[in-house]
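Work through these exercises with the model open. Each task is followed by a stepwise solution.

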Amino acid sequence: MRDERRSACAVPDRAQLSLPVVEAAVGVAFLLAVAASFGLALPAPATAEAQLDAFADDAGTVLAGEPPRHAGDTRLGEVTRSPAAFERERGALRDRVRRILGDNLLFRVETPHGAVGFERPNGVATGRASVATAGGEVVVWVWYV
Amino acid sequence: MTRSAPRRSDPSSDRGQANLAALVVALIVLTATVGVTLGLAEGALAGADRQPADRRAAVASAERLIAADSPVTRRENVLNASALDSLSPERLVTLAPPLRDAAFVVRIDGRSVVERGDPTDGVSFRRIALVSSAEERTRTVAADGAVTLPRRTDSVRLEFNGADVETVRANGRIVLHRPGGLRGAETVSVSRSETLTISFDANATGTVTVTSTPERTRKTTLEVRVDA
């Protein structure tokens, strides 16, 4: 009996929080959560990657279609023949890829005997293409400056 | 119990009006939030429109223009400079049917090659290619020696008027042979990936006209912009 009376007395002193306000706060939070999911959860368009993949593919195709400077079947076949051939050709290969890709693209060309180009950065859109040669796979990575 | 009963009823009758005001405020806040949310959703959906039809047409036509069997290429990613000049919008639409009802422009290094309509707003797709232009180089060589062609070529035409030659070798391999002596003009396909040395048989006399078609390539960017 004593407990019940004390609780009955305490209610009017504390002014009960209005239930519609609580409901509205919950509703607003819910709606804002939905709105945030629209704003945040949409993936960025992957169009840059598609374009970069096309650039990497083109660079690989152009290199694979070029005659070698000294020996081998194509320019890419030449650099995968041996470590010595790669060391001899790396400067020319880097200059050639730089000329093909132009100024707004950075690149990395990985061969079984080493790589030319720049360090591949994290967190940016990159395009990738690989070309099979007799000496192994050559991978071309391309990204925007 | 007798004291607590009227106390409980009194405050509830006082709170009746306050509850109505709170309800009205709550409804207004909720309605405003719904409006803002709809605005955000609309903006997000509008921003997510990537014009897939235009993009498909641009990607497909750029791909087909630089394919190995395209009418404007010599081989994959190598465009033929003279064939590009004869490319018309109708031929391009035949090559890439997604362009049928669209305005499009094809640019090579920023210079418009084929254009139909005015694609101001649309999707553009770029490819890297080479433009090759081939020119004939003719030289006259004495048949008792050998000749090394300074630039690589994929075919060689030899004219034997005024020469007595039975055998022609390209880098040591026999490519032409006729026991009684070669006559007229012959065209030989050779590898583009090695420097070519043409030599004749030991008893050959006279002069042979050698015509090669070395190609000169330059790097270019092919851009297709489509606005359906």
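**Exercise 1.** By class, how many nonpolar, polar and charged residues does the lining of the largest pocket have?

*Solution.* Note the ground rules. This is a predicted model, where local features need pLDDT of at least 70, side-chain atom pairs count only at pLDDT 80 or more, and totals for chains, interfaces and linings use all residues. Residues are numbered from 1 along each chain as its sequence is written, chains are lettered from A and ligands numbered from 1 in the order in which they are written, and side-chain values use heavy atoms, with hydrogens and water left out.

Step 1: define the pocket. On a 1 Å grid over the protein atoms alone, a pocket is an open set with protein on both sides within 12 Å along at least five of seven lines; lining residues have an atom within 4 Å of a point.

Step 2: sort the lining. It has five nonpolar, six polar and eleven charged residues. Ala, Val, Leu, Ile, Met, Phe, Trp, Tyr, Cys and Pro count as nonpolar, Asp, Glu, Lys and Arg as charged, and the others, Gly among them, as polar.

Step 3: locate the centre. Of the 22 lining residues, A:Pro67, B:Arg75, B:Arg192, B:Glu215 and B:Thr217 lie nearest to it.

Step 4: bring in the domains, whose bounds come from an automatic or database domain assignment. Domain 1 (52–133 + 218–227) and domain 2 (137–212) of chain B each give at least three residues to this lining. Their C-alpha centres lie 39 Å apart.

**Exercise 2.** Which residues line the largest cavity?

*Solution.* Step 1: define it. A cavity is a set of points where a 1.4 Å probe fits but cannot get out.

Step 1: list the lining. It consists of B:Val156, B:Leu158, B:Val168, B:Ala170, B:Val175, B:Val188, B:Val190, B:Leu196 and B:Ile198.

Step 2: classify. The count is nine nonpolar, no polar and no charged residues.

**Exercise 3.** Where is the kink in helix 5 of chain A centred?

*Solution.* Helices (H or I, at least four residues) are DSSP runs, numbered from the N terminus. Helix 5 of chain A covers residues 83–101.

Step 1: find the bend, the angle between axes fitted to the seven residues ending at a residue and the seven starting there. The kink is about 50 degrees, centred on A:Glu89.

Step 2: check burial (under 20% relative accessible area, 1.4 Å probe, protein chains only). A:Glu89 is buried, and so are others in helix 5, including A:Phe86 and A:Leu93.

Step 3: look past the end. Just after helix 5, A:Gly102 takes a positive phi of about 85 degrees.

Note on methods: Helices (H or I, at least four residues) and strands (E, at least two) are DSSP runs, numbered from the N terminus. The expected span of a helix is 1.5 Å times one less than its number of residues. Buried means under 20% relative accessible area, exposed over 50%, partly exposed in between (1.4 Å probe, protein chains only).
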